[in-house]
Amino acid sequence: MNNIVEISEESIKELAYISNEPKWFTNYRLLAFEKFKKLPFETSPLYVKHYDISGMDLKNAKLDFTMDKTLPSVVEDFLKRLNYVPYIFFLDGRLYSINIPDLLNKEGLSIESIKNFLGKEERIKELLKIRQIENDDDKFAALNNALFHEGFYMYIPAGMQLKVPLRIINVVTKENILSFNQNFIIVGADANLAIIEEDYSFGNLNSQSLMSKNLNVILRENAKLEYVYINGYEENVNGIIFRRCICEKDASIAWYSGFFGGLVTRVKTDNRMHSQGSTSNNIEIILGEKKQRFDLTAYLSHIATYTKSVSLTRGALKGESRALFKGMIKIYENAKNSDAYLAEHAMILNKGARADSIPGLEIANNEVRATHSASVAQIDEEQIFYLMSRGLSEQESKKLLTVSFFQQLIDQIPIEDVKTKFMEVIESKLDNIKIPIENKFVLTHELKEAIVITPEKLFQTHYKYRK
Amino acid sequence: MIDVLTIENLHVEVEGKEILRNINLEIKTGEIHAIMGPNGSGKSSLSLAIMGHPKYKITKGDIKINGESILGLTPDKRAQRGLFLSLQYPISLPGVTLFSLIRASLIALKNPQEAGQNIQVKEALPVLKIRQELIENLKLLGLNESFVNRYVNEGFSGGEKKRTEIVQMAMIKPKFAILDETDSGLDIDGIKIVSNGILQIANKKIGLILITHYNRILKFIRPDYVHVLVDGQIIDSGGPELADKLEEKGYNWLKEKDFQQI
């Protein structure tokens, strides 16, 4: 089972050679690769039997160091509209372009390719230090450590209030790719921003690819990040994500994820509330069909006092799709007065689809509040009858019930245009309608109106940091 | 034009057990029929069988609208032919607002082939007008505007559920409405308001089938016909005076009368 990918030590050495990396770093990679080979799919006793990557077939997929410079015209057109917005664009998993409007550049917002780090001793150390803790107890995160060669490092200066969502877009146009990205985001004290990350693929991709991403986020004191993620891959792309956010004092992270596309999607989100008063919010919406697999884990790690977390997962499964919703509230000894809520609910739309919710609690302090709820239920026949008695067809009834099942979570998304996008994707998927690539991207109102963004519209500096 | 709902020699089974036998009824638009009977006599089963609930198997007989059988039709198609059922225990639909339900329903009933497919149909419906009409009907049933955006039956009191069912009837304007124990869960003032509402909405155009196990609502809505359902059979039919007699003497009186006839 360990031959998920056709990779050997030689591939790693080749990678190290291309990047001109220091030797110790190559050894780091080789060690991570050993770990990958030895690790089971899940290490926690609660989940050891619960993983699902069935259907993933990467025997033809390869690491690819070449870069195709021609952008599909629909994508090029969209990027032109993003001119005034900070964005990072990946083509086939390779970092293609970074756009930082001058205004933001002057104020200290920086985004660079991690390739600028890999060949330099001190800078790799800097990168690895950001992570604070190793993530190589996860099989795929370890594989990513062994092979990552693309990614970005983003720094949001203290006090910056970014008013326009920063965009991260990845478009896959080729088949048989093995891509390993590692991304780093540091949000300075009192800074506040929203990021919209979107993954799409298009074209006739007959053979499978793997897009693996490790995302490391640090929120400094009182920083706030709202992170939207949309998985809109077509059928032959497997997406494996390990993301971890470390929250310092009073910082707050909120993830809003829509898992709609792809074949196998495995995501682990670790929210580490490291210092007092930090909060995390994790909203996950899953709509599966055909043979899609979703293997999602949310960790709510309360390390300090007065930390608060909420994780809400809702999935609807049709066709022969399957989902595993795993979640763990972990309250450390010193996390007095912390408050955690974890909910994982699945709705099965037809026979053949399946879901399992497995919430867990590990609590080392008594003065806390931790609650969870989980359910897996068939779509309610009586509700369908009720709607049909009002004239709706069976298909329409199921659609309305599915949409309403997601409604409460969608209502929590803070960006109206993202809400609309989620709804549009859900409805078209339920109606078996494919959205053409040019209409897939989230269009925020700035882009719709194609306005030139002035400094006032783009960002503001927190009063504490005004010059 | 008068439409006719006919139930002929209907036999119904649930999970292999016969629960209705030899039911014959004819309801014309504009008429009010009451079906009375003790608990467990099969009243709700009859209403669900007419609406086409998949659990209820018709083993014999027929249900027709204007002479055409509707047995082969799914509930949505029956609704499109003009049938409406207000459930005894209305189901809650978390996440679906009353307005969105009614809008979806009106789209489906107005243009069944295109419902859900065609965005133009959705947009062609005068949303504001529907909203206004909904508010008026809510007021008619003694409910405030906030119900427009509340999730259907979610956290409603028993009486509010029954009232919003009648609001739905008002919006849908069916040919035939089966109201299953609309009076239960309502206090006496509620019954008055709801009865007036029903009469005003039906306006002698809808064929009403009121299912009840006591006479209360029939004091406000005088039926043209009363049918008594006991143990899955209609054992007596008559005018409104039958309901009064039942109240006085109870269902056993009819059962005894029945036995004497045998």
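How many bridges join strand β1 of chain B to β2(B)?

Hi everyone. What you see is a predicted model, where local features need pLDDT of at least 70, side-chain atom pairs count only at pLDDT 80 or more, and totals for chains, interfaces and linings use all residues. Residues are numbered from 1 along each chain as its sequence is written, chains are lettered from A and ligands numbered from 1 in the order in which they are written, and side-chain values use heavy atoms, with hydrogens and water left out.

Back to the question. There are 8 bridges between β1(B), residues 4-14, and β2(B), and the two run antiparallel. Helices (H or I, at least four residues) and strands (E, at least two) are DSSP runs, numbered from the N terminus; two strands pair if DSSP finds at least two bridges between them. As an example, L10(B) has I23(B) as its bridge partner in β2(B).

These strands belong to an open sheet of 4 strands in chain B, ordered β2-β1-β4-β5, with antiparallel pairing. Its edges are β2 (17-28) and β5 (68-69) of chain B; each has a single partner strand, so one side of each is left without a neighbour in the sheet. Helix α1(B), residues 43-51, packs on this sheet and touches β1, β2 and β4 (56-65) of chain B, where contact means heavy atoms within 4.5 Å. The helix direction makes about 65° with that of β4(B). For angles, axes are lines fitted to C-alpha atoms, for helices over the stretch in contact, and the values run from 0 to 180 degrees between N-to-C directions.

Chain B has another open sheet, with 6 strands in the order β6-β9-β10-β3-β11-β12 and mixed pairing. Here β6 (83-86) and β12 (233-238) of chain B stand at the edges with a single partner strand each, so one side of each has no neighbour in the sheet. In this sheet, β3(B) (residues 32-36) and β11(B) (residues 225-230) run parallel, joined by 4 bridges. Within that pair, M36(B) stands opposite V228(B). And α1(B) turns up again, lying across β3, β6, β9 (176-180), β10 (207-212) and β11 of chain B, at about 145° to β6(B).

Now, where do the chains meet? The contact takes 20 residues from chain A and 35 residues from chain B. Together they bury about 2,100 Å², 64% of it on carbon and sulfur atoms; buried area is the accessible area (1.4 Å probe) that two parts lose on being put together, summed over both. F385(A), Y386(A) and R390(A) supply 37% of the area that chain A buries against chain B, more than any other three residues.

One of those residues has a charged partner: R390(A) forms a salt bridge with E165(B), their closest N and O atoms being 2.9 Å apart. A salt bridge is a side-chain nitrogen of Lys or Arg within 4 Å of a carboxyl oxygen of Asp or Glu.

Inside chain A, R293(A) forms a salt bridge with D52(A), at 3.2 Å between the closest N and O atoms. R293(A) lies in β16(A) (residues 293-302) and D52(A) in the loop between α2 (23-38) and β1 (62-63) of chain A, so the pair ties together parts that are 241 residues apart in sequence.
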